[in-house]
Amino acid sequence: MVRAARTADAARMPPVVAAVAVTLIGLAAGAAGDAWVLAGAAAFATGAVARVRQPWLAVALAALAIGAALRGSAHRWREAACATALQDAARVDSVTVVVDVDAPAGSYVPGRARLPWCSMAVGVQARVATTGGVVLRIDAPFRAGARRPVAELRRVRPVAGAHDPLRAWRAAAARRIDARFGGDAPLVRALVVADMHDIDDATRTRWARAGLVHALSVSGLHVGIVAGVLALLAQALGARPARAAALSTTGLVAYVAVIGAP
């Protein structure tokens with residue numbers, strides 16, 4: 001009987017894990033559009049798996065799932081409204097866009113459009129060359145793209161007082177990588193500064209078939225490696241473990257900030 005009780009306890013999902021699970025599923029449900037059905041199912045399923053015996057915990061899990069689903073729905077609505085405003089040339093005469101990387105003439109690069117009430121990721125089709133890390137005002141209407149709105153960069157004007165040093169540092173790092181690594185620069189930029197826009201489809205396909213496509217983006221694995229290297233370096237220089245951890249955390253925050261917190 002004791003053994004059976006221990007087995008049941010082991011099978012229960014810890015409340016913190018259950019809370020994280022229903023929150024993530026609720027966010028996904030709201031973003032997908034079937035918020036109420038999927039969030040309710042998530043709360044019920046997680047409660048069943050966790051064998052929740054306390055009524056208050058079951059209610060809390062259900063509330064978390066529904067709240068997360070509503071948040072996901074609000075985000076989806078906001079993105080759709082922002083995209084509509086960007087594509088409506090009659091409502092948007094001029095839009096401020098952050099160009100994340102250097103954009104040679106004829107290139108297609110990532111950017112972020114900013115309206116007074118929202119911002120969203122956009123593609124930038126550069127008809128003229130510009131330098132990454134600079135906030136620009138683009139005088140061109142947006143058109144619908146396969147995944148995101150696309151702005152055609154025909155004429156740009158710098159916005160006074162909008163210089164972003166972190167983006168400038170990221171762009172400068174990308175330029176140094178290009179100069180040093182030549183043909184391998186697109187891969188290095190993806191791994192170091194989270195810039196994947198220049199990786200060709202053939203390379204993506206090869207990495208996907210090898211099961212390593214996730215390594216092309218800066219993820220938790222990269223963050224863990226950077227944190228470990230910084231901690232080891234600090235200890236090698238004589239820092240005690242607690243101080244090494246603090247230095248590693250500080251360096252990690254700076255690194256994530258420079259690459260744009262992808």
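Helix α5 (residues 165–181) supplies the largest share of the lining of the second largest pocket, 4 residues. The model is predicted, with pLDDT of at least 70 needed for local features and 80 or more for side-chain atom pairs, while totals for chains, interfaces and linings use all residues. Residues are numbered from 1 along each chain as its sequence is written, and side-chain values use heavy atoms, leaving out hydrogens and water.

**Pocket**
- By class, the lining residues are 5 nonpolar, 2 polar and 6 charged, where charged denotes Asp, Glu, Lys and Arg.

**Arg 189**
- Arg 189 belongs to helix α6 (residues 185–193), helices being DSSP runs of H or I with at least four residues.
- Its relative accessibility is 5%, so Arg 189 counts as buried (under 20% relative accessible area, 1.4 Å probe, protein chains only).
- Beyond neighbours within four places in sequence, Arg 189 is in contact with Ala 174, Ile 177, Asp 178, Ala 194, Asp 195, His 197 and Asp 198 (heavy atoms within 4.5 Å).

**Chain**
- The chain has 9 helices and 7 strands, a strand being a DSSP run of E with at least two residues.
- Of its 262 residues, 33% count as buried.

Key
Buried < 20%, exposed > 50% of the residue type's maximum accessible area, 1.4 Å probe, protein only.
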